[in-house]
Amino acid sequence: MSRHLNVLIVEDSEDDVLLLKRHLRQGGYLIHCGWVDTAAALNQALSEESWDVVISDYSLPSFTAIDALFMLQKKGLDIPFIIVSGAIGEEIAVSAMKAGAHDYVMKDNLARLGPAIERELREAAMRRDRYEAEEALKESERENREISREFRALLDNIPDSLTLLDSSMQVVWSNLSTAKLLNCNPDELANHHCEKLWTDCSARGDDCPVRKSFISCQVEKAVIKANDDRTWGVRAIPISNRHGQVVSVIKMASDITRQIQLREEASRAGQLASLGELAAGVAHEINNPINGIINYAQILADQFSEDAENQEIVQEIIDEGERIANIAKNLLDFAKARPEFKKPVSAEDILAASLALTKSQLNRDGIKLIIDMNPGLPPVLAHLQQVQQVILNLISNARYALNQKYSAADPEKIFHIESELCSTPGGRLCACLFWTRELVLPRRYCPRLWIRSIPPNRVAPAPASA
């Protein structure tokens, strides 16, 4: 079967060119032949076409086969270069081979030309394949290095601690977050035992999620408390080989301290909401008997209108009953769900309603309450229940602080509530309430609650449903 061959012949004798063509055709090649006899023509032929093989006479009038070979090498062409000469000595032939010629054939033995070309074409193909494989390998290595850099950057920017551990609990790899957590360089963690790095870990031995994962071949989870009061959610993820054996485990630790706190706060809020509903129900149930007591006491007051001593006792019953009724009303108002809108409210009224719910606790704790309220405080545009909740929280905090400092009754156990008028840079009046613990903190260090007032002409009417 004939094979196509693009051959470039470097020869100054036309007869020798014809002879070479005939031998190549006899060898079974369908040839496309180029013929040059000068260096310039060779350079042009190499630039314009792609050749399978170059056959060159050793000595030409203007240059030699070695010059032609150097031209190929300068262009970076890996083309079989075969010297065909009638008068080349062994020493010259060896020198040409050392220079890079692939073979040489004597003109009186052209029978070797076909096999030489066949061999060199195979070797050239092998070199090309090897070169392509090497280039593909280099490209693959570059891609792998790039992927590795990107993957490392991705893992290092994950805020969670990631650690790869082998079956002996030795660290194989860790990300930057782990190194920051342990205050060291990531490269310093390799080959260290897990328990020596996390000395304050509360999950050790059989409780360790990593050990469990090696045994169960499944993802294991644990919640771990650290010595710094942080809580960590740990997941151990097994990595198996093709035989299904767990060879390593990834330990991922996330700081869930804030989540735990939010969960506890949500639970506490739910409990408080339930307690508020219960308190509202109790207050509602108290209203009827209290109103009955007040009404009966009023009847007695009418009967003892001429008896000053009994009249005074009955009036005390009425006053205390009304006080209880007022406390129940404030509790119901605080617990009642209302639409969220702002309306003008009096800071003095909010404080009075809040103290009605807490005054008995202050008295029971032996806290002396001093109130200096400015009667000229302007109304403020606010959510009534929200502001009342803030004031209740501040009263509760002040009560807690005083009880911490004075465990028993003390003349200095004083809770002082003051108010003052001030103005903002824009000229608006503000109502300022601030709480002090007399003889405990100077006024300039006291916590303050600033409530911005609204000018009377900007007070919007409350919705009809309010």
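This is a predicted model: local features need pLDDT of at least 70, side-chain atom pairs count only at pLDDT 80 or more; totals for chains, interfaces and linings use all residues.

Reader: Where do I start with a helix pair?

Author: Two packed helices are described by the angle between their axes and the distance between the axes. Take H12 (residues 347–364) and H13 (residues 384–405): their axes are 9 Å apart, at an angle of about 25°.

Reader: What does that make the orientation of H12 and H13 to each other?

Author: Angles under 35 degrees count as roughly parallel, so H12 and H13 are roughly parallel to each other. Their crossing is right-handed.

Reader: Which residues meet there, H12 against H13?

Author: On the H12 side you'll find, among them, Ile350, Leu351, Leu355 and Arg364, and they face a set in H13 including Leu384, Val387, Ile391 and Arg399. The residues of this H12–H13 contact split into 11 nonpolar, four polar and two charged.

Reader: And how do H2 and H3 cross?

Author: H2 (residues 39–48) and H3 (residues 65–74) have axes that come within 11 Å and cross at roughly 30°. That makes H2 roughly parallel to H3. Here Ala39, Leu42, Asn43 and Leu46 of H2 make the contact with Ala68, Met71 and Leu72 of H3. By class, that's six nonpolar, one polar and no charged. The H2–H3 crossing is right-handed.

Reader: Which charged residues lie over the face of a tyrosine?

Author: Arginine 3 lies over tyrosine 29, at 4.6 Å from the ring centre. Lysine 405 sits over the face of tyrosine 406, at 5.8 Å from the ring centre.

Technical notes. Residues are numbered from 1 along each chain as its sequence is written. Side-chain values use heavy atoms; hydrogens and water are left out. A charge sits over a ring if NZ of Lys or CZ of Arg is within 6 Å of the ring centre and within 35 degrees of the ring normal. Axes are lines fitted to C-alpha atoms, for helices over the stretch in contact, and angles run from 0 to 180 degrees between N-to-C directions. Helices (H or I, at least four residues) and strands (E, at least two) are DSSP runs, numbered from the N terminus. Angles under 35 degrees count as roughly parallel, over 145 as roughly antiparallel, 65 to 115 as roughly perpendicular and the rest as oblique. A crossing is left-handed if the near helix is turned anticlockwise from the far one by less than a right angle, and right-handed if clockwise. Contact means heavy atoms within 4.5 Å. Ala, Val, Leu, Ile, Met, Phe, Trp, Tyr, Cys and Pro count as nonpolar, Asp, Glu, Lys and Arg as charged, and the others, Gly among them, as polar.
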